[in-house]
Amino acid sequence: MNVAVLQFPGTNCEYDTKYAFEKLGANVTIIWHKETTIPDNTDLVVIPGGFSYGDYLRSGAIARFAKIMEAVQTFAQNGGKVLGICNGFQILLEAGLLPGAMKRNDSLHFISKYNHLKVINNDNTFLQKLDVNEVVNIPVAHHDGNYFTDEAGLKALEDNGQILLKYCDENGNEQNLNGSVSQIAGICNKEKNVFGLMPHPERAIESLLGCDDGVKMLQGFFN
Amino acid sequence: MKAIVNVALKQGVLDDQGKATHHALDTLGFKEVVKDVRIGKQIILELNATSQTQAREEVTNMCEKLLANTVIEDYTIEIIG
């Protein structure tokens, strides 16, 4: 499997992401934001975490206009798979590749810790190796992870099976981590080829790191 | 010519910064005088535009594209000069 990981000024999870996918057996290329094309044989584009362009103005707002994002738009429109993690999720929202927007966490604090997530839908590439209602433990590290969509937007997400992950406690009871509408931690687009989540599965890929629950997530993208 | 753009969360979208600040003002003794607090940001643009109409059009375009996230934010534009 060939993975292209994007890199903007301020990205800081590109090497963790590369390490994680390589450990699982993928060929990974890091792509600088000024590039205009994504390699022909790319199976998955990952927009990793960090603080693109310092997160000035709003998280992801400036990265959305980077040169490489034009290629990502085309890649996604042609059915290519795209995964946005944390800042990558914020960029996908700003780019309109996923619906909704991010606000500051309702505590106004940066939240950095392991947190449990419940799988809501697994009829997609990303979460196919996990069961519905399965609980995984994945680190979160964000200041602007308070997902917002209006009532109509939420209903559309529910009706189309686009809600992928919700914050929960270890027993799977939904939990308000950051104020997100309906405790949403991750979603996909209607066509189910663009995925975004605030937690960092690439930081949970070996038990040495405290947990390897991220493996099954990232493996979803492998055949 | 100058444009002053004010961007704030839409009414109906919970403004956590505003809420926290309101709470702080309450505890400082302003409970009776403050009904609500909303926090936004101000963006000041120096423009080369030649007319107010052109300036407003250009700045509106900037707001729609970049300066505001219209999913959650409203903006106002004031043109000076």
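In what order do the elements of chain B run from the N terminus on? They run β-α-β-α-β, and this report takes that chain as its starting point.

## Before we start

This is a predicted model, in which local features need pLDDT of at least 70, side-chain atom pairs count only at pLDDT 80 or more, and totals for chains, interfaces and linings use all residues. Residues are numbered from 1 along each chain as its sequence is written, chains are lettered from A and ligands numbered from 1 in the order in which they are written, and side-chain values use heavy atoms, with hydrogens and water left out.

## A look at chain B

Chain B has two helices and three strands. Here helices (H or I, at least four residues) and strands (E, at least two) are DSSP runs, numbered from the N terminus.

The C-alpha trace of chain B spans about 50 × 25 × 15 Å along its principal axes. Its radius of gyration is 16 Å, whereas a compact globule of 81 residues would have one near 12 Å. That radius is taken over C-alpha atoms, and the globule rule is 2.2 Å times the number of residues to the power 0.38.

Of the 81 residues in chain B, 31% are buried. Buried means under 20% relative accessible area, exposed over 50%, and partly exposed in between (1.4 Å probe, protein chains only). Contact means heavy atoms within 4.5 Å. Among contacts in chain B between residues at least 6 apart in sequence, 69% link residues at least 24 apart.

## Where the two chains meet

The size of an interface is often given as the accessible area lost when the parts come together. Between chain A and chain B, the buried area is about 1,200 Å², with carbon and sulfur atoms giving 64% of it. Such an area is what two parts lose on being put together (accessible area, 1.4 Å probe), summed over both. On the side of chain A, A:Leu57, A:Arg58 and A:Lys103 lose the most area to chain B, together 42% of what that side buries. In terms of contacts, 15 residues of chain A touch 16 residues of chain B.

How many salt bridges does the rule find across the interface of chain A and chain B? There are two. The rule asks for a side-chain nitrogen of Lys or Arg within 4 Å of a carboxyl oxygen of Asp or Glu. A:Arg58 and B:Glu73 form a salt bridge through their side chains (3.9 Å, N to O).

Strand S5 (101–103) and strand S8 (146–148) of chain A each supply at least two residues of the side that touches chain B. The largest share, three residues, comes from S5(A).

## A buried serine

A:Ser52 sits in the loop between strand S3 (44–47) and helix H2 (67–77) of chain A. This serine is buried, with a relative accessible area of 2%. Leaving aside neighbours within four places in sequence, the contacts of A:Ser52 include A:Phe8, A:Pro9, A:Gly60 and A:Asn87.

Most residues other than glycine have a negative phi. A:Leu108 is not a glycine, yet has a positive phi of about 65 degrees. A:Leu108 lies in the loop between S5 and strand S6 (111–119) of chain A, and is partly exposed, with a relative accessible area of 26%.

A:Asn133 also has a positive phi, near 75 degrees. A:Asn133 is found in the loop between S6 and strand S7 (135–142) of chain A.
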